[in-house]
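I opened the model and worked through it feature by feature. These are my entries, in the order I made them.

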Amino acid sequence: MNLAELFPAGGFRFRAGLRRGDPAEFFGPTDQTGEVRPERARWLAEDERRHAALLPEGEVLLKAFSGLCSSWGVSRETELGALGSAIEPDFLFLAPDGTGTFRLLGGVVCFPSGWALDEKLGRPMCEIHEPVPGLNRNLGVSIDRILSGLPGDSGVFRSGWGIAANAERNQHPVRGLPAPTSPADLRQLWLRVENQCLFAIPERGIVFGIRIELHRLDTLDAAAGTALADAMETMPLEVAAYKRLDSVRDLLVESLRSRFGI
């Protein structure tokens, strides 16, 4: 996608930003570096319980998803950790409980953006999103509607973003990786894009895929750099703090505007 499209015109706001897409394409191999799958296998071998988990209610979704991966020619693995090593994206399983509330039943997350799978397991989506300031207030109803109305014949895609002080794909909190700090050198900071794919497995639940892209800030084009500066400058303070940008935001906006002449 065009990186400038990550940022709504007119300044920061939460938005769903959905577009239709093909899950088979999303979960298929796209990595040109050859690094992603070996790194996934390494993290799972080091501590599978940290990166893979599944509640008993999620077994039916794992079976259905592994069958789809086989039909797509992506992987023939059927065990959770093995499947997580064999495909490039992270994946999560969601299903409604008796009240219709969608809960996280498990999955494989080798490249989390600052959260831990075991802390979210079994929890409803509203609780999972609660740490993000303003997200439930602005998008909670829309998220519930999207999850309940996903088409069975295709997927919906969306993307989110953050800023990282390193090019590590795995930002698990236990690793203690540092937040961006001054002097806001664009050569030492990365735009971290989280591309997401959601699709329904009828009468079973939802598969939620996640792919990470990393773009060093000094390599952005003018449109993306300008849009990023606008978004950071206008985001609420509590959102900047959640994204670990509050102490460096002003310097970073200044650096971007200087870099792109805006």
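**Aromatic rings.** I looked for ring pairs and found that they link Phe26, Phe27, Phe65, Trp72, Phe91, Phe93, Phe157 and Phe199 into a cluster. The model is predicted, and I used side-chain atom pairs only at pLDDT 80 or more. My count came to 10 aromatic pairs. I then took Phe27 and Trp72. Their ring centres are 6.1 Å apart and their planes lie at 20°, so I logged the pair as stacked. The two residues are 45 apart in the chain: Phe27 is in helix H1 (residues 23-27), and Trp72 is in the loop between helix H4 (59-71) and helix H5 (80-86). Phe27 has a relative accessible area of 1%, so I marked Phe27 as buried. Trp72 is at 26%, so Trp72 went down as partly exposed.

I also opened the pair of Phe65 and Phe93. I read 5.9 Å from centre to centre and 70° between the planes, which is edge-to-face. Phe65 sits in helix H4 and Phe93 in strand E3 (residues 90-96), 28 residues apart. I found both Phe65 and Phe93 buried.

**Charges over rings.** Which ring does the charged end of Lys243 sit over? I found Trp161 under the charge, with 4.3 Å to the ring centre.

**Salt bridges.** Side chains of opposite charge can pair when their charged atoms come close. I searched the whole structure and got 12 salt bridges. One of them joins Glu88 to Arg211, with the closest N and O atoms 2.9 Å apart. This pair links distant parts of the chain, since Glu88 is in the loop between H5 and E3, Arg211 is in strand E7, and 123 residues separate them. Are Glu88 and Arg211 buried or exposed? I found both Glu88 and Arg211 buried.

I compared other entries. Arg50 forms a salt bridge with Asp47, at 3.5 Å between the closest N and O atoms. Arg50 has a relative accessible area of 25%, which makes Arg50 partly exposed. Asp47, at 23%, is partly exposed. Arg187 and Asp185 meet at 3.0 Å, N to O. I noted Arg187 as exposed at 51%, and Asp185 as partly exposed at 25%. I also traced a network: salt bridges that share partners join Glu35, Glu39 and Arg169.

**The sheet.** I wrote down the strand order: E1-E5-E6-E7-E3-E4-E2, 7 strands in an open sheet with antiparallel pairing. The edges are strand E1 (19-21) and strand E2 (52-54), each pairing on one side only. Neighbouring strands are turned by 35° against each other on average, direction ignored. I checked the join between E5 and E6. The two run antiparallel, and 9 bridges connect them.

**Around Phe102.** I placed Phe102 in strand E4 (residues 102-108). Its relative accessibility is 11%, so I counted Phe102 as buried. I then listed contacts, leaving aside neighbours within four places in sequence. Among them are Leu94, Ala95, Pro96, Met125, Leu147 and Ile206. I also looked across to Gly205. Phe102 and Gly205 are 103 residues apart in sequence, yet 8.6 Å apart in space, C-alpha to C-alpha.

Most residues other than glycine have a negative phi, and most peptide bonds are trans. I looked for exceptions. The peptide bond from Ser182 to Pro183 is cis, with omega near 20°. I found Pro183 in the loop between strand E5 (155-164) and strand E6 (190-201).

Then I turned to positive phi. Glu203 has a phi of about 65° and is not a glycine. I located Glu203 in the loop between E6 and strand E7 (205-216). Glu203 is exposed, at 87% relative accessible area. Arg244 has a positive phi too, near 60°. Arg244 is in the loop between helix H10 (237-242) and helix H11 (249-260). I logged Arg244 as partly exposed, at 38%.

How values were computed: Residues are numbered from 1 along each chain as its sequence is written. Side-chain values use heavy atoms; hydrogens and water are left out. Helices (H or I, at least four residues) and strands (E, at least two) are DSSP runs, numbered from the N terminus. Buried means under 20% relative accessible area, exposed over 50%, partly exposed in between (1.4 Å probe, protein chains only). Two strands pair if DSSP finds at least two bridges between them. Axes are lines fitted to C-alpha atoms, for helices over the stretch in contact, and angles run from 0 to 180 degrees between N-to-C directions. Rings of Phe, Tyr and Trp (its six-membered ring) pair if their centres lie within 6.5 Å; planes under 30 degrees apart count as stacked, over 60 as edge-to-face and the rest as tilted. A charge sits over a ring if NZ of Lys or CZ of Arg is within 6 Å of the ring centre and within 35 degrees of the ring normal. Contact means heavy atoms within 4.5 Å. A salt bridge is a side-chain nitrogen of Lys or Arg within 4 Å of a carboxyl oxygen of Asp or Glu.
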